[in-house]
Amino acid sequence: MRVLHPRLARFERGFSVSTLQRIEEPLFARLKLELWIKRDDLLHPVVSGNKWRKLKYSLNDALHQDARCIVSMGGAYSNFLHALAFACRELGLCSQGFVRGEMPARLSPTLLDLRGFGMALHFTPRDAYRELRLFNTAGGLPMLSAGDYWLPEGGSCLQALRGVGEIVREIAFGYDFFCCACGTGATLAGLIGETPPPQKVLGVAVLKNAGYLRGQVADWLRELGLKRDNWELLLDYHGGGFGKARTELLDFMHEFQRRHGVRLEPVYTGKLLFAVFDLARRGYFPAGSRIVVLHSGGLQGWREE
Ligand SMILES: Cc1ncc(COP(=O)(O)O)c(C=O)c1O
């Protein structure tokens, strides 16, 4: 287990502590449930949420290997590329991003930021982009040069799980459920890895037909030497598919922000909280349960263009 590289340790000193915020809601009080949000969105103005957790040990590994450039992939609104490009700039590393699809006539605010942070962008047709997903470990990627360090989509790899596990270790009280949004499932796997039964971890899939994630999460756990059945992946809260935002979701998010002062976005955290409220209403959580929800950031991807 490697110590933090001095450059990474210096960068981490600029981060805030992620607090736990109690959410008081009549629905939850009536059902004798406690709801808390782990505010990872407040960790850092740019490298916020699960992004820092997922990047920390990969960047550490890259720095220890004297890598020169981090190469990865993502969509035109990718929270991950956004955090990666900024972190690389701060750490004195160069960065390259394979971006899904043709170059748009007008760059998204995320892409403009990526350029501003110094990331070299390679717009990649969708078929070729799908092929890049096969390269989920370092090495083997044909276009890498010496000194390049490859990170798979979303930074989702075993080292990401280790960083995510630190979220759980920061929670000083017992809880019954830990809930998170799932894209690649690495955050879910990292939380499960640190959560022994009878506590349970719930993942809310934000993509349609995301049942395949169950196998992926189980594979990661197996690689950690763990066999756990205290988790569930919920497939019915994608709200029409990735990035789709129905009016009821937008209304819920706005009301949540008005009542609790916590901003959500519709791709990940909005769907997650919407699901947790719906599950409570349906009697999913036994009375007396304490529920912790991860605010995994992602607010940069939801900006006026
Ligand atoms: C804000 C936010 N929350 C949650 C997730 C899901 O994380 P994971 O890909 O580890 O499932 C992502 C990225 O995919 C994200 O950007």
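Two residues are taken to be in contact if their C-beta atoms, placed from the backbone, lie within 7 Å. The structure is a predicted model, in which local features need pLDDT of at least 70 and side-chain atom pairs count only at pLDDT 80 or more, while totals for chains, interfaces and linings use all residues. Residues are numbered from 1 along each chain as its sequence is written.

The domain assignment, which is automatic or from a database, gives domain 1 (6–48 + 158–301) and domain 2 (51–155). Between the two, 23 residues of domain 1 are in contact with 24 residues of domain 2. On the domain 1 side, helix 1 (6–12) and helix 7 (158–169) each give two or more residues, and helix 7 provides the largest share, 7 residues. Helices here are DSSP runs of H or I with at least four residues, and strands are runs of E with at least two, numbered from the N terminus.

Next comes the ligand. It is surrounded by 17 residues, the closest being Gly183, Thr184, Thr187, Ser296 and Gly298; a residue counts as near if its C-beta atom, placed from the backbone, lies within 6 Å. Strand 7 (177–182) and helix 8 (186–193) each supply at least two residues of this shell, with helix 8 giving the most, 3 residues.

Finally, there is a helix pair to look at. Leu249, Phe252, Met253 and Phe256 of helix 10 meet Gly270, Lys271, Leu273 and Phe274 of helix 11.
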